[in-house]
Amino acid sequence: MSATETLQGLCEFEMRGGGTDAERRAGLWLAEQIEATGREATIETFWCRPNWAFAQVWHAAAGLAGSLVAVHTPRVGGAILLVALLSALSDVVFGVSIGRRLTPERASQNIVATPPQGTPRRRVSLILTAPYDAGRAGLVDRDAIRRPVARMRTATGGLAPGWAFWFAIVLLWLLGVAIARFEGATGALIGVLQLIPTVALVLITAALLEKATADFGPSAGDDASGVAAALAIAAALDASPLYEASVDVVLTGAGDGTGLGLRRYLRSRRRSLRAHNTVVVGIGPCAHGTPRYWLSDGPFLPVRHFKALRRLGAQAGQADPQLDLTAHRGRGSSPALPARLAGMPSIAIGSLDALALSANSHQQSDTPDTVEEVVL
């Protein structure tokens with residue numbers, strides 16, 4: 001199948017959110033397409049709690065409770081706020097938290113495609129990875145919200161932190177107010193200082209709750225196009241093998257938000273991956289705009305991708321100016337982020353528009369007919 005046919009076929013599995021029946025059927029279909037190319041595809045089932053927004057709702061709600069309790073019992077309110085803060089950050093960094101434990105558990109699948117039989121193992125193991133599940137189309141993903149935010153981030157040179165940083169700032173602010181109250185601060189000023197972040201937390205809670213209950217989008221560009229690109233690259237490298245590296249493909253379930261599928265895959269093979277000099281290339285949206293390679297990524301504080309791979313990205317852009325390949329500072333969760341957080345050499349590639357966005361991402365308009373074939 002061509003990359004476009006792979007994309008269109010994957011999008012026929014509507015509402016394929018993480019841990020859904022549609023996602024599992026999509027995984028079985030992908031395994032069949034992979035095996036038709038001569039690769040061996042293994043389906044690895046795992047249990048997870050894929051609704052990251054719902055997990056953060058619990059942390060925001062705990063923050064609101066802590067703020068209210070702190071008015072009369074600062075010590076208890078401050079303790080609640082501290083737990084909410086640490087749990088929220090743990091969810092972003094590790095994909096594990098108290099809030100996550102309070103969300104429904106679902107079965108998902110990773111599709112692992114190894115090189116064709118008879119292909120010798122090389123010195124380096126190259127993993128091409130992309131998530132095949134669909135993300136929820138929430139109000140916060142509308143262009144009316146995300147494009148102004150993208151403009152502000154562009155104005156700062158891409159150095160502004162991600163959403164989790166500002167969420168943590170709100171909780172830290174309230175924690176500081178609770179400490180001040182514990183030290184004896186009273187009056188109108190301390191009330192105003194507490195009101196501002198509390199109102200912000202109410203808005204954050206509402207946005208997260210809406211996101212957690214929104215319908216799944218088609219996710220053609222973000223990230224069925226990444227899946228199609230990963231399989232097309234693997235087919236090209238099977239036809240013309242790399243001298244130094246063996247190529248594996250890992251298509252992950254429950255990848256939206258915090259990359260649970262790749263986290264699970266890396267944890268289950270921690271020792272063997274390090275022993276085989278593994279490099280991870282995460283393939284993000286490839287549907288609109290121009291090619292990019294990610295310098296850094298992360299919704300809290302940015303994590304820089306592997307230096308040698310960033311240097312190769314720069315060299316590739318210089319070697320072929322017509323490609324218009326440029327660097328990007330991500331502030332979300334690219335398909336390669338879990339590998340970098342695990343300390344592995346990794347980088348993410350994809351294509352973005354002038355505002356460093358993937359058009360229609362996490363919207364109901366992200367359909368196959370909007371994907372630019374030449375970009376893919």
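Visitor: Which residue in S9 does Val281 stand opposite?
Guide: Val281 faces Ile347 in S9. Keep in mind that this is a predicted model.

Visitor: Do S5 and S9 pair in the parallel or antiparallel sense, and over how many bridges?
Guide: S5 and S9 run parallel, with four bridges.

Visitor: And S6 with S9, parallel or antiparallel?
Guide: Antiparallel for S6 and S9, over four bridges. Pro291 stands opposite Ser351 of S9 there.

Visitor: Why is S9 largely enclosed by the rest of the structure?
Guide: Six of the seven residues in S9, which covers residues 346–352, are buried, so the strand is largely enclosed by the rest of the structure.

Visitor: OK, switching to the core. Which residues of the largest nonpolar core touch the most other members?
Guide: Leu10, Leu30, Tyr132, Val227 and Leu251, out of 40 residues in that core.

Visitor: Which elements give two or more residues to this core?
Guide: Among them are helices H1 (3–11), H2 (21–35) and H9 (220–239), plus strands S5 (278–283) and S6 (290–297). H9 supplies the largest share, eight residues.

Visitor: What is Leu30 in contact with, leaving aside its neighbours within four places in sequence?
Guide: Leu30 contacts Leu10, Tyr132, Val227, Leu231 and Leu251.

Visitor: How many residues are in the second, separate core?
Guide: That second core has 19 residues, including Val57, Phe167, Val170 and Ala212.

Note on methods: Residues are numbered from 1 along each chain as its sequence is written. This is a predicted model: local features need pLDDT of at least 70, side-chain atom pairs count only at pLDDT 80 or more; totals for chains, interfaces and linings use all residues. Side-chain values use heavy atoms; hydrogens and water are left out. A nonpolar core is a set of buried Ala, Val, Leu, Ile, Met, Phe, Trp, Tyr and Cys residues joined through side-chain atoms within 4.5 Å. Buried means under 20% relative accessible area, exposed over 50%, partly exposed in between (1.4 Å probe, protein chains only). Contact means heavy atoms within 4.5 Å. Two strands pair if DSSP finds at least two bridges between them.
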